[in-house]
Amino acid sequence: MLDRSIPFYNVIMKCERYVPSEIVLPPGFHWKAYEPGAEKAWAAMEYEIGDFDTPQEAEDYFLATYCADVEELRKRCVFVADARGQIVGACIAWRDRRGEGTVASLHWLVVAPAFQGRGLGKALCQRTMELFQSLGELPVYVHTQPWSHKAIVLYIRQGFRLQTRDTFSHYENQYPLAMQTLKGVLPPERYRLLEEHSV
């Protein structure tokens, strides 16, 4: 589970060039497209990891943010399901404002806690990045925070770099404060990896 005692600061990352690699789903898992009702599974996962105060709040957010155009959502929402068809992970290839235009942005990479540690997060990120690439939507931004330091490392391994100044949407880039926080919670070699992949 995420350690939410770690202070929250905005971490902005960007991938300029994505190099595809083999996507490996563990045995018994498969990809699943969005269909009405999937927002309930998404909301349950996001509530379980603590991103929303209630499942209903999460579901309402999903419906308001992504469901205005269901065909677009079907194209851009990546789900992974277990052998029973239960959704256990998700990621969304979306767009956000940047200045007068828009940029590609990876939203809500999530894996249900009971299924974490099996490589599903990596596979979801890869599948979403390949989707962006197929749509011709690079670079890709992602917003995260220090308590998601495992995800930060995952993003680095997919070609993302921490941005020392750049940002998108409404986020204030808080790189110095975020790195100061991360230095206190990460092993030195892991912290150096973040430094080496900052631009």
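In this predicted model, the axes of helix α6 (residues 175-185) and helix α7 (residues 188-196) come within 8 Å and cross at roughly 155 degrees. Because angles over 145 degrees count as roughly antiparallel, the two helices α6 and α7 are described as roughly antiparallel to each other.

**Helices α6 and α7**

- The crossing in which α6 passes α7 is right-handed.
- On the α6 side the contact is made by Met-179, Leu-182 and Lys-183, which meet Tyr-191, Leu-194 and Glu-195 of α7.
- Sorted by class, this contact of α6 with α7 comprises four nonpolar and two charged residues, with no polar ones.

**Aromatic pairs**

- The structure holds 17 aromatic pairs, and one of them is formed by Trp-42 and Phe-62, whose rings lie 5.0 Å apart centre to centre with 50 degrees between the planes, an arrangement classed as tilted.
- This pair links distant parts of the chain, since Trp-42 belongs to helix α1 (residues 38-48) and Phe-62 to helix α2 (residues 55-66), the two residues being 20 residues apart.
- Trp-42 counts as buried because its relative accessibility is 0%, and Phe-62, with a relative accessible area of 0%, is buried as well.
- Ring pairs also join Trp-42 and Phe-62 into a cluster with Tyr-34, Phe-52, Tyr-61, Tyr-66, Phe-79, Trp-94 and Trp-108.

- Trp-108, which is found in strand β5 (residues 101-111), has a phi near 55 degrees, a positive value in a residue other than glycine.

**Backbone features in loops**

- The peptide bond that runs from Leu-138 to Pro-139 is cis, and its omega is near 5 degrees.
- Pro-139 has its place in the loop between α4 (120-134) and β6 (140-144).
- Ser-169, which lies in the loop between β7 (161-162) and α6, is a residue other than glycine with a positive phi, here near 50 degrees.
- The relative accessibility of Ser-169 is 32%, and Ser-169 therefore counts as partly exposed.

Conventions
Residues are numbered from 1 along each chain as its sequence is written. This is a predicted model: local features need pLDDT of at least 70, side-chain atom pairs count only at pLDDT 80 or more; totals for chains, interfaces and linings use all residues. Side-chain values use heavy atoms; hydrogens and water are left out. Axes are lines fitted to C-alpha atoms, for helices over the stretch in contact, and angles run from 0 to 180 degrees between N-to-C directions. Helices (H or I, at least four residues) and strands (E, at least two) are DSSP runs, numbered from the N terminus. Angles under 35 degrees count as roughly parallel, over 145 as roughly antiparallel, 65 to 115 as roughly perpendicular and the rest as oblique. A crossing is left-handed if the near helix is turned anticlockwise from the far one by less than a right angle, and right-handed if clockwise. Contact means heavy atoms within 4.5 Å. Ala, Val, Leu, Ile, Met, Phe, Trp, Tyr, Cys and Pro count as nonpolar, Asp, Glu, Lys and Arg as charged, and the others, Gly among them, as polar. Rings of Phe, Tyr and Trp (its six-membered ring) pair if their centres lie within 6.5 Å; planes under 30 degrees apart count as stacked, over 60 as edge-to-face and the rest as tilted. Buried means under 20% relative accessible area, exposed over 50%, partly exposed in between (1.4 Å probe, protein chains only).
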